[in-house]
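Let's take a walk through this fold, strand by strand. Have the structure open and follow along.

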Amino acid sequence: MAGAAGCFSDEQFREACAELQQPELAGADWQLLVEASGITIYRLLDQPTGLYEYKVFGVLEGCSPALLADVYMDLDYRKKWDQYVKELYEKECDGQMVAYWEVKYPFPLSNRDYVYIRQRRDLDVDGRKIYVVLAQSISVPQFPEKSGVIRVTQYKQSLAIESDSKKGSRVFMYYFDNPGGQIPSWLINWAAKNGVPNFLKDMVKACQNHPKKT
């Protein structure tokens, strides 16, 4: 995924919207991983890496779709509510905005960092207002690798959000991340199983504490 193009296709946005309406789990060995607190997570083995791709479906209560999308996109605010962020910012590189993100890992593991592009679209799909954010890793010379930090070169995420017809949000998230280094795949997969629900819970709290919340 390194060296990815600087934009996402209309089809990628459509696919994320479609998953929100009808989960695409057929035709591949997607396995139910966990179902709790209104969140369901499926995983699919990525044979080359021994890691898993994840699809997350659920409802986040008490958080409107517009605010959830704003919070997800607000990098400065994320530095306040995400305890694992060490550094996070965007800058322009060759005419496109590129994000840099360093994630704290527990000792004795090295921190990981990401260089990625992202794009948000607020779509109207058959009368449904859907907020979609796509992100994936990219390689640009403006962000060379840092000593003591392992660069994650395989990262891809998509997020689709719409109203649950109450005061909450229906959410679909796709996620793949290869943190590299000498971490056993079982430990990475255990962290993903627990980390995704915790991240979503933290994001709901961040929405509830956001200045824009009415």
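How many bridges pair E7 and E9, and in which sense? Six bridges, in the antiparallel sense. Before going further, a word on what you're looking at: this is a predicted model, in which local features need pLDDT of at least 70 and side-chain atom pairs count only at pLDDT 80 or more, while totals for chains, interfaces and linings use all residues. Residues are numbered from 1 along each chain as its sequence is written, and side-chain values use heavy atoms, with hydrogens and water left out.

Helices (H or I, at least four residues) and strands (E, at least two) are DSSP runs numbered from the N terminus, and two strands pair if DSSP finds at least two bridges between them. Buried means under 20% relative accessible area, exposed means over 50%, and partly exposed is in between, using a 1.4 Å probe and protein chains only.

Back to E7, which covers residues 128-137. Nine of its 10 residues are buried, so this strand is mostly covered. On its E9 side, Ala135 has Gln157 as its bridge partner. E7 also pairs with E6, again in the antiparallel sense, over 10 bridges, and there Leu123 sits opposite Ile130 of E7. E6 and E7 make a hairpin with two residues between them, and Asp126 in that turn has a positive phi of about 55°. At the other end of E7's numbering you'll find Ser137, which is buried at a relative accessible area of 2%. A polar atom of the Ser137 side chain lies 2.9 Å from the backbone oxygen of Thr153.

Now go to E3, residues 51-60. Nine of its 10 residues are buried, so the strand is largely enclosed by the rest of the structure. Eight bridges join E2 (residues 39-46) to E3, running antiparallel, with Tyr42 opposite Lys55. The hairpin of E2 and E3 has four residues between the strands, and Gly50 there takes a positive phi near 75°. E10 (residues 169-178) is joined to E3 by seven bridges, also antiparallel, and Gly58 stands opposite Val171.

What covers the buried residues of helix H1? The list includes E3, E6, E7, E9 and E10, where contact means heavy atoms within 4.5 Å. H1 itself runs over residues 10-21, and its 12 residues reach 17 Å from first C-alpha to last, close to the 16 Å expected at 1.5 Å a residue (the expected span is 1.5 Å times one less than the number of residues). Phe13, Ala16, Cys17, Glu19 and Leu20 are buried in H1. Looking down the helix axis, these buried residues fall within an arc of 160°, so they line one face of H1; the arc is that of the directions from the axis to the C-beta atoms. The background is that an α-helix has 3.6 residues a turn, so residues three or four places apart point the same way.

Glu87 is in strand E4 (residues 85-93) and counts as partly exposed at 29% relative accessibility. Beyond its neighbours within four places in sequence, Glu87 is in contact with Tyr100, Trp101, Glu102 and Lys146. Its side chain makes a polar contact of 3.2 Å with that of Lys146. (A polar contact is a pair of N or O atoms within 3.5 Å; within protein, one must be able to donate a hydrogen and the other to accept it, and residues adjacent in sequence count only if both atoms are side-chain atoms.)

The loops deserve a look as well. Asp94, in the loop between E4 and E5, has a positive phi near 55° despite not being a glycine, and is exposed at 68%. Ser165, in the loop between E9 and E10, likewise has a positive phi, near 70°, and is exposed at 71%. In the loop between E5 and E6 sits Pro108, joined to Phe107 by a cis peptide bond with omega of about 10°.
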